[in-house]
Amino acid sequence: MLTWLETCRRVYNYAVRERKDWHNSRKCRVNTCSLQQRVHHLSRHSLSQLLRQKKGAH
C-alpha cells in the first residue's frame, strides 16, 4: 500500500511540476514599473501602442 501511495505522489508531483513549468513559460516578462512611471505622461492611445510594442517584443 505504501509503495502505491508513493507512486501516486510522484506522478502527481511530476504533473504539477509540468503544469507550473508550462505556465511560467507563458508569463509576460514586461517590466511594469517602467510602464507605471510613464502612464501619467501618455494618452490612452499612445499607452495602448506602447503595450502592443511590449507584447510584440516577447
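How many salt bridges does a search of the whole structure find? The search finds two, taking a salt bridge as a side-chain nitrogen of Lys or Arg within 4 Å of a carboxyl oxygen of Asp or Glu.

1. Basis. This is a predicted model, in which local features need pLDDT of at least 70 and side-chain atom pairs count only at pLDDT 80 or more, while totals for chains, interfaces and linings use all residues. Residues are numbered from 1 along each chain as its sequence is written, and side-chain values use heavy atoms, with hydrogens and water left out.

2. Confidence. The average pLDDT (the predictor's confidence in each residue, from 0 to 100) is 76 for the protein, and 64% of the residues score at least 70. Helix H1 has the highest confidence, at 92, and helix H2 (residues 32-39) the lowest, at a mean of 54. Where pLDDT is low, the predicted coordinates should not be read in detail.

3. Fold. There are three helices and zero strands, in the order α-α-α along the sequence. Helices (H or I, at least four residues) and strands (E, at least two) are DSSP runs, numbered from the N terminus.

4. Of the 58 residues in the protein, 5% are buried. Buried means under 20% relative accessible area, exposed over 50%, and partly exposed in between (1.4 Å probe, protein chains only). The protein exposes about 5800 Å², of which carbon and sulfur atoms supply 56%; accessible areas come from the Shrake-Rupley method with a 1.4 Å probe, and for residues only the protein chains shown count as cover.

5. Salt bridges. Glu-6, Arg-9 and Arg-10 are linked in a network. Glu-6 meets Arg-9 at 2.5 Å, N to O, and these two residues are three apart in helix H1, a separation of about one helical turn. For Glu-6 and Arg-10 the closest N and O atoms are 3.0 Å apart; both residues lie in helix H1, four residues apart, again about one turn. Glu-6 is partly exposed at 29% relative accessibility, as is Arg-9 at 43%, whereas Arg-10 is exposed at 56%.

6. Nonpolar patch. Met-1, Leu-2, Trp-4 and Leu-5 make a nonpolar surface patch of about 560 Å². Patches are made of residues with over 30% relative accessible area and no salt bridge, like charges being joined within 9 Å and nonpolar side chains (Val, Leu, Ile, Met, Phe, Trp, Tyr) within 5 Å. Leu-2 belongs to helix H1 (residues 2-25) and is exposed, with a relative accessible area of 70%.

7. Annotation. UniProt, in an unreviewed entry, lists residues 3-27 as "domain: Transposase putative helix-turn-helix". UniProt positions are given in the numbering used here, feature names are shortened, and annotations may be inferred rather than shown by experiment. In the model, residues 3-27 are 92% helix and 0% strand, with the end C-alpha atoms 37 Å apart.
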